[in-house]
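Thanks for coming, everyone. Please look at the sequence and the model on the screen, and I will walk you through them.

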Amino acid sequence: MTPAAFELLDVRVDDGPSSRLLDGVTFSALRGTCTAVVGHVGSGKSTLLRVIAGLVSPVAGQVRVFGEQLGGRSYEGRRAHRLDVGFVFEATGLIGNLTVGDNIGLALRYHDEGRLGAATIAARVEQVAAEVGVERELDEPAHRVNVSVR
């Protein structure tokens, strides 16, 4: 059986004492699949993605990414997780005057602090591009590529 890329088990996220953003969400996606999160405005789509990315911590429930529990991680542990996870909101958020490859590697370069080096980042960008099928567009400016690539 293919392991889940991520699992949320009975996750609750609150935004203050009287505002619940997610309530008892249980959700998973298999590794190697493409999953779209859709729903009405305000239904918690962005919050769900932020929880998976480790940007928001739930007040209850469990979050596992590639089998590892996210809760209780140190700052460095959460930071390392965020370097491995990416997502795209409905408005793609690509920087139009950067190439597709530069956009893919932007977070790695921003958070690298000299640890990975240019060659490692370039290899990771090529790997990610191959995984999502955009390796031919790596050197194209983001504003010139088809919306389906963005």
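Let me start with one term. Two residues are in contact when they have heavy atoms within 4.5 Å. Take Thr-47 as the example. Leaving aside neighbours within four places in sequence, Thr-47 is in contact with Val-13, Leu-21 and Leu-22. Thr-47 lies in helix 1. Is Thr-47 buried or exposed? Buried means under 20% relative accessible area. Thr-47 has 14%, so it counts as buried.

Keep in mind that this is a predicted model.

Now the overall layout. The chain has 4 helices and 4 strands. Along the sequence, they follow the pattern β-β-α-β-β-α-α-α. There are 150 residues in the chain, and 25% of them are buried. Look also at the contacts with a separation of 6 or more. Of those, 57% join residues 24 or more positions apart.

Val-13 gives us a case to follow. Val-13 sits in strand 1. Its relative accessible area is 2%, so Val-13 is buried too. Which residues does Val-13 touch, once neighbours within four places in sequence are left aside? The list is Arg-20, Leu-21, Leu-22, Thr-47, Val-51, Val-56, Pro-58 and Val-59. Val-13 and Val-56 are 43 residues apart in sequence, yet their C-alpha atoms are 8.2 Å apart in space.

Next, the cores. How many residues does the largest nonpolar core have? It has 13. Those with the most contacts inside it are Phe-6, Leu-8, Val-11, Val-51, Ile-52, Val-63 and Val-65. Four elements each supply at least two residues of this core: strand 1, strand 2, helix 1 and strand 3. Strand 1 gives the largest share, with 5 residues. Zoom in on Val-65. Not counting residues up to four places away in sequence, Val-65 touches Ala-5, Phe-6, Ile-52, Leu-70, His-81 and Val-85. There is also a second, separate core of 8 residues. Among its members are Val-100, Leu-108, Ala-129 and Val-145.

Two of those names take us to helix 3. Val-100 and Leu-108 are both among the buried residues of helix 3. What covers the buried residues of helix 3? The cover includes helix 2, residues 75–84, and helix 4, residues 118–132.

Let us check the length of helix 3. It runs over residues 100–112, which is 13 residues. At 1.5 Å a residue, helix 3 should span 18 Å. Its end C-alpha atoms are 19 Å apart, so the two values agree. Where does helix 3 bend? The bend is at Leu-106, and it is about 45 degrees. Just after helix 3 comes Gly-114, with a positive phi of about 80 degrees.

Last stop, a pocket. The second largest pocket has a volume of about 170 Å³. Its lining has 15 residues. Nearest its centre lie Ser-57, Pro-58, Leu-70, Gly-71 and Arg-78. Strand 3 and helix 2 each supply at least two lining residues. The largest share is 3 residues, and it comes from strand 3.

I am happy to take questions.

Note on methods
Residues are numbered from 1 along each chain as its sequence is written. This is a predicted model: local features need pLDDT of at least 70, side-chain atom pairs count only at pLDDT 80 or more; totals for chains, interfaces and linings use all residues. Side-chain values use heavy atoms; hydrogens and water are left out. The expected span of a helix is 1.5 Å times one less than its number of residues. The bend at a residue is the angle between axes fitted to the seven residues ending there and the seven starting there. Buried means under 20% relative accessible area, exposed over 50%, partly exposed in between (1.4 Å probe, protein chains only). A nonpolar core is a set of buried Ala, Val, Leu, Ile, Met, Phe, Trp, Tyr and Cys residues joined through side-chain atoms within 4.5 Å. On a 1 Å grid over the protein atoms alone, a cavity is a set of points where a 1.4 Å probe fits but cannot get out, and a pocket is an open set with protein on both sides within 12 Å along at least five of seven lines; lining residues have an atom within 4 Å of a point. Grid points are joined across faces, edges and corners, and a volume is the space filled by probe spheres set on the points.
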